[in-house]
Number of protein chains: 2
Amino acid sequence: MLLLAVKGITESNRKFLSQYDVTVVTPDTITAQQIPEIVISYAWDDAIGQKILANPNSKLKWIQTQSAGVDYLPLKKLKDFGVVVTNASGLKAIPIAQTVLSYILYFARGLNIYASRTHWEPYTNQYLVTELPVLVFGTGRIGQQIASHIRAFGGTVYGVNTTGHMVDGFDEVYSMHDYQKALAKSRVVVDGLPGTPETDDFFNNHFFDQVNQLFLFINIGRGTTLNQNDLLAAIDDSRVKYAALDVTTPEPLPKNHPLFDRPQVLLTQHTSWGEYVNAGRTGGLFRLFEKNVPSFVKSGTIQYNIVNLDKGY
Amino acid sequence: MLLLAVKGITESNRKFLSQYDVTVVTPDTITAQQIPEIVISYAWDDAIGQKILANPNSKLKWIQTQSAGVDYLPLKKLKDFGVVVTNASGLKAIPIAQTVLSYILYFARGLNIYASRTHWEPYTNQYLVTELPVLVFGTGRIGQQIASHIRAFGGTVYGVNTTGHMVDGFDEVYSMHDYQKALAKSRVVVDGLPGTPETDDFFNNHFFDQVNQLFLFINIGRGTTLNQNDLLAAIDDSRVKYAALDVTTPEPLPKNHPLFDRPQVLLTQHTSWGEYVNAGRTGGLFRLFEKNVPSFVKSGTIQYNIVNLDKGY
């Protein structure tokens, strides 16, 4: 069967696949005749993808994304075609959680003040992690990894998910419709929500009206879940003291965007997933992908990291 | 007996002391007659201290310092007078260790780049904590607390102490004369050494000549242990990539000091100990001090946090 490697794969990856009679084509060598023959898309190329889905006889059965979020895929159409989508959830949990801890410690320990100070003027209003309870929206692998770090510092961490079901590693978990009790006792909010119609614009003026001097708002979820103008207003009238955003709308942010102007806002430009060994590359994706290959080739079944196409995560 | 409270103590602290017939005097109310009668100095006032020690009949028996380091005390004279010194070691281990982690994550996750970026230009050369083995000089309570945080992130941490004896929480411990094997496999060095004649100028050109592209040099020990000019030279020729210094020589640093000029250097101006509940104050010191009071009043013996006056720590 044919696999379209949108993301680069190595020689040893190809050898592994050839054991299962999987042949690799790439976007720059693929022919028009091969397009409907593609069974697996390893990462997603929007232009080729549209051509694949324009053909009702397409053999496409499986897309492995390189991201945890899948909101850029034509989910409804993929469902109609019976395509299974597996995402990269978990792959980036460790680096992203380390970035979240870097944000918290940056503002808590006063590095935001010292980063630009060019004269002697000590600043002593620091916080300990234990003094800043954290509320994480999203209790999947990234949320759990964040929770484990907060707890290692002796801190308190609450979670929010759709139903409010308890998840290991959190002190308490609330539902999306009943998070206010946790919010009232938290000083840091982490937006780790997936991009779905339900989460769109969730962190808007209504949300920020419920906080007073929130120490830090973090977005490592999706840019669409946050109303950036409402956040800017909340920062300007001190409902929110600081913000650290890895994701924004749009990306890249245009020159002179107001988010660049506010000294209270730290932007990491969608690089919270970075690690040295895979600098600039999507390392580790194949290791995650290959676990599903044997059963898929044998019987068409996929076990790990399946996305619910109705929910979008 | 008389206690000189150089640091402020509360009403409930006074009540506790009065149970043991300890009477409190303060620097602004003390009389000339009371000076030789002082038995305990709670923190140290250099002017009053000199008057106390000028009198060979001084009753001074115990100094509780507000710091972990005691290099500002007249140690030799105190030994001659038979004075016991207890320090504040351990009191600031938690906040200082959190500041050390904030330094590591700040540079590792690229926040040093993003802190001043005012346009879109993603930076993807981040590191994970696991990719930056840490070597801590000093395996006391601060060093142990740092080690526990590094291990919680899955990282590797080596220690250095006088004899190289193993200390819980470190992967390996080396002696001050045999640290090179650990240095060769480390990317971060933490200077947590006390200020003694042996540690004076320890981190000098000879030390920095042994490293090549050391990712980060941290000083949360004593300013005197580091030759700042040698560090600046090591930064300028890339033997050391970044530095984070909480302590410097002198403090305050004068305007236009070259340490303020280097974008690779983060200065936190001797505030790594900060925590919100005790912002700007020496919180918790009395809790540490009071543990020694009953046995001292009863029999003159002191159990906890005794400084070796010959070694100076």
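Tutor: Strands count as paired when DSSP finds at least two bridges between them; strands (E, at least two residues) and helices (H or I, at least four) are DSSP runs numbered from the N terminus. This is a predicted model, in which local features need pLDDT of at least 70 and side-chain atom pairs pLDDT 80 or more, while totals for chains, interfaces and linings use all residues. Residues are numbered from 1 along each chain, chains are lettered from A and ligands numbered from 1 as written, and side-chain values use heavy atoms, without hydrogens and water.

Student: How many bridges join E1(A) to E2(A)?

Tutor: Strand E1 covers residues 2-5 of chain A and runs parallel to E2(A). Leu2(A) has Thr23(A) as its bridge partner in E2(A). The number of bridges joining E1(A) to E2(A) is three.

Student: Which are the edge strands of the open sheet in chain A?

Tutor: Five strands pair in parallel, in the order E2-E1-E3-E4-E5. An edge strand pairs on one side only, which here holds for E2 (23-25) and E5 (84-86) of chain A.

Student: Is H4(A) parallel or oblique to H4(B)?

Tutor: Both helices span residues 93-108, and they pack at about 125° with axes 9 Å apart (lines fitted to C-alpha atoms over the stretch in contact; angles run from 0 to 180 degrees between N-to-C directions). Under 35 degrees is roughly parallel, over 145 roughly antiparallel, 65 to 115 roughly perpendicular and the rest oblique. H4(A) is therefore oblique.

Student: Which residues of H4(B) make the contact with H4(A)?

Tutor: Contact means heavy atoms within 4.5 Å. H4(A) contributes Gln98(A), Leu101(A), Ser102(A), Leu105(A) and Tyr106(A), and H4(B) contributes Gln98(B), Leu101(B), Ser102(B), Leu105(B) and Tyr106(B).
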